[in-house]
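Please examine the sequence and the three-dimensional model together.

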Amino acid sequence: MRYIMGQSRKYEFKWELLGDIEKGRPNLGNTTRLEIYRLMQYTLRDVLEQRYGDAEADKIFREAGRLSGREYYHHLLSGCTGMHDFIRKFQESLRELGIGILRVEEADELSGSFTLTVAEDLDCSGLPELNYPVCTFDEGFIRGILEEMTGSEYEVREVDCWCTGDRTCRFEANVRSS
Ligand SMILES: [Zn+2]
């Protein structure tokens, strides 16, 4: 099949790409070892950095995270009745899926600012200390979710990370000033 610009893309994301796991993995099921998820993530980062530089590699990860956040919101969190309901569902789903343990340290509903922490984070907990935060995908992921929830554009930055010696990841999320 040929893919022509503007008509069809080879890798456009659709939730269906996650597959029918019951059918596809009747014996192995829907779990794998976390090391293997990290093996894919950190080798992909290595190649992206070699090809595009570290800043661009981070940007690509943030963008992918943002796309995943939007999709995650629509498939797993939509229909929330308000901010409290949203936070509760967000926390429960992250725990249930083994992504991390979310706490909302600060939430200013008026300004839309949040400080969130994620403990036992999928991407970084247990990594060597590196003196810089690594959870760029999570920055985008949180951004995408908050944007879908609120309809505002967000800026999300990880300010503490397991990799900066903090043992929990901390994200500051603020509405972008236009
Ligand atoms: Zn982190």
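Glu120 is exposed, with a relative accessible area of 59%; here buried means under 20% relative accessible area, exposed over 50%, and partly exposed in between, with a 1.4 Å probe and protein chains only. The residue belongs to the loop between β2 (113-119) and α5 (136-150). Helices (H or I, at least four residues) and strands (E, at least two) are DSSP runs, numbered from the N terminus. Although Glu120 is not a glycine, its phi is positive, at about 55°. Asn131 is found in the loop between β2 and α5, and its phi is likewise positive, near 70°, in a residue other than glycine. With 72% relative accessibility, Asn131 counts as exposed. As background, most residues other than glycine have a negative phi.

The model is predicted: local features need pLDDT of at least 70 and side-chain atom pairs count only at pLDDT 80 or more, whereas totals for chains, interfaces and linings use all residues. Residues are numbered from 1 along each chain as its sequence is written, and side-chain values use heavy atoms, with hydrogens and water left out.

The strands on either side of these helical and loop segments may be considered next. Four strands form an open sheet in the order β1-β2-β4-β3, with antiparallel pairing; two strands pair if DSSP finds at least two bridges between them. β1 (101-108) and β3 (154-160) stand at the edges with a single partner strand each, so one side of each has no neighbour in the sheet. From one strand to the next, the twist averages 20°. β3 and β4 (residues 169-175) run antiparallel and are joined by six bridges. Within this pairing, Glu158 stands opposite Phe171 in β4. Helix α5 packs on the sheet and touches β2, β3 and β4, its direction making about 145° with that of β3. Contact means heavy atoms within 4.5 Å; axes are lines fitted to C-alpha atoms, for helices over the stretch in contact, and angles run from 0 to 180 degrees between N-to-C directions.

Glu158 also takes part in the metal site. The protein donors of the zinc ion are Cys124 (SG), Cys135 (SG), Glu158 (OE), Cys161 (SG) and Cys169 (SG), at 2.2 to 2.8 Å from it. Donors are N, O and S atoms within 2.8 Å of the metal (3.2 Å for Na, K and Ca), and sites may look incomplete because water is not among the atoms. Along the sequence, the donor residues are spaced C-x10-C-x22-E-x2-C-x7-C. Glu158 in strand β3 and Cys169 in strand β4, eleven residues apart, link distant parts of the chain. Glu158 is buried at a relative accessible area of 6%, and Cys169 counts as buried at 1%.

Helix α5 also holds Gly140, which is buried, with a relative accessible area of 2%. Leaving aside neighbours within four places in sequence, Gly140 is in contact with Arg62, Gly65 and Arg66. The C-alpha atoms of Gly140 and Val156 are separated by 7.1 Å, although the two lie 16 residues apart along the chain.

Finally, α2 (34-52), α3 (54-77) and α5 each supply at least two residues of the lining of the largest pocket. Of these elements, α3 gives the most, with eight residues.
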